[in-house]
Each structure stands twice: as structure tokens, then as C-alpha cells.
Amino acid sequence: MAPKKRVVKRRDAAQLSAAGPRLWAPWRDEDLRSVRSDHQACIFCFGKLSEARRRERLVLFENRDVLVMLNKYPYNNGHVMVAPRSHVASPELLARADRAVLGDAVAASIKAMRASLHPAAFNVGANLGLAAGAGFAEHMHWHIVPRWVGDNNFMPVLASTRVLSQSLEDSYKQLRPIFKNLGAELS
Ligand SMILES: [Zn+2]
């Protein structure tokens, strides 16, 4: 049995390395692949949320224009997504004012995480379109992934396994009080 397992792992590693730059590969939104691609099933489109529903949906902040939520299958602790409230696939489809608010929300989220999580760096980006790796392409969203020195160890490369030190629940508990006040940064 043991040799067979090793062969499988090698193939996984080869597939991963062939997939392209590691930093972008995790942003394939695997968690969203099963979501139906219509407006009703969109995880970024919702009405008023109770605190319990907000926690279930991992929504850290929402106002009339933008929302911030934790990624259900994070690449790293504190991996959040920032999306406009408008159900659009690409930034040029947003009104100019909405683009500005979205940019402000990305900056405010980075500022909030810098102060609370003290990361050494960030990966920030978006996958626009299925061919770019977006699991759910109809509602654009920015990914913000805080990074710490040494967080990307050999495990993701060799075994396609991400090692996270914090549960989603703990991430939510840590970040919700901070993001709750994000509106002050955006007004
Ligand atoms: Zn949507």
C-alpha cells in the first residue's frame, strides 16, 4: 500500500506545479464551485442579516455599497473577500463611484488587518472569469490574503494540503469586532 500512496502524491505535486504560480492557484474559489450561477444563489447577494445569519455566512461587514466576508476555504488565516453589493462580473461594469467605494473597502480591510493580525505582507487580487480560476464568476470580488513569513511551507506543494492554525470560527470571532466598524473608514 505504501508505494502506491507515494505515487499518488507525486502526481498531485506535478499537477500543482504545472498549474502555474502558487500565489494565484489558491484563489480558485473551490468553495463556490457548487453554487448555482444565478443571482438567487449568489453568496454575495443577500438582504438584511441577523447576527446569527451573518456569522453563518461569515460576513464581517456590509453596508449599502460593499461587503466583506471570510473565505470558507481560506488559503491562509484571515483570508477575506471584498465585493460590491452590485451583482456584476467585472469592475468596469460598476459605476465609477461604486468602483471608488470598492477600492476604499479593500484599503480599509487591509488597514484593519494590518492593525489586528500584524501580517508581514498581503496577496491582493481578483479572478475575473472562469478561465482565470474564478469558481463563481458572476459577482466579482477581491481576495485579500494576509501573509506571515514562513506561512507557506512545503505542505501545500507536496500534499495539496493547507495548514491553517486558526479555525474559521476563531477567525470570525477575531475579525468581526474589527470589521464591524469599517463603515467609519468608508464614510
Ligand atoms: Zn451576487
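Author: In the protein chain, residues 24 or more positions apart account for 65% of the contacts with a separation of 6 or more. The model is predicted. Its protein chain has 187 residues, of which 27% count as buried. There are 6 helices and 5 strands. Along the sequence they follow the pattern α-α-β-β-β-α-β-β-α-α-α.

The part to look at is strand S2, with the sheet and the helix around it. S2 covers residues 66–70. It is mostly covered, with 5 of its 5 residues buried. Val66, Val68 and Leu70 point one way from the strand. Leu67 and Met69 point the other way.

Take the pairings of S2 in turn. S1 and S2 run antiparallel and are joined by 3 bridges. The two form a hairpin, with 3 residues between them. In this pair, Phe61 has Val68 of S2 as its bridge partner. On the S3 side, S2 pairs in the antiparallel sense over 5 bridges. There, Met69 stands opposite Met81 in S3.

Next, the helix. H3 has 22 residues, 96–117, which at 1.5 Å a residue should span 32 Å. Its end C-alpha atoms are 31 Å apart, which agrees. The buried residues of H3 are Leu102, Ala105, Val106, Ala108, Ser109, Ala112 and Met113. They pack against strands S2, S3, S4 and S5. They also pack against helix H5 (168–179) and helix H6 (182–186).

In soluble globular proteins, nonpolar side chains tend to be buried together. The largest nonpolar core here has 29 residues. Those with the most contacts inside it are Leu60, Leu67, Val68, Met69, Val80 and Val82. S1, S2, S3, H3, S5 and H5 each give two or more residues to this core. H3 supplies the largest share, 6 residues. Val80 shows how these parts join. Not counting residues up to four places away in sequence, Val80 touches Leu60, Val68, Met69, Leu70, Asn71, Ser109 and Ile144. Ser109 is one of the buried residues of H3.

Two backbone points flank this region. Most residues other than glycine have a negative phi. Leu58 has a positive one, near 65 degrees. It sits in the loop between helix H2 (51–57) and S1. Leu58 counts as buried because it has 21 C-beta neighbours inside 10 Å, where 20 or more are needed. The other point is His118, which follows H3. Its phi is also positive, about 50 degrees, although His118 is not a glycine. His118 lies in the loop between H3 and S4. With 9 C-beta neighbours inside 10 Å, His118 counts as exposed. The cut-off for exposed is 12 or fewer.

Finally, the caution. The average pLDDT of the protein chain is 80, and 71% of the residues score at least 70. Over residues 1–28 the pLDDT is below 50. Beyond near neighbours in sequence, that stretch has 19 contacts in the model. Residues 30–37 also stay under 50. For these the model has 15 contacts beyond four places in sequence. Where pLDDT is low, the predicted coordinates should not be read in detail.

Note on methods:
Residues are numbered from 1 along each chain as its sequence is written. Helices (H or I, at least four residues) and strands (E, at least two) are DSSP runs, numbered from the N terminus. The expected span of a helix is 1.5 Å times one less than its number of residues. Two residues are in contact if their C-beta atoms, placed from the backbone, lie within 7 Å. Two strands pair if DSSP finds at least two bridges between them. pLDDT is the predictor's confidence in each residue, from 0 to 100. A nonpolar core is a set of buried Ala, Val, Leu, Ile, Met, Phe, Trp, Tyr and Cys residues joined through C-beta atoms within 7 Å.
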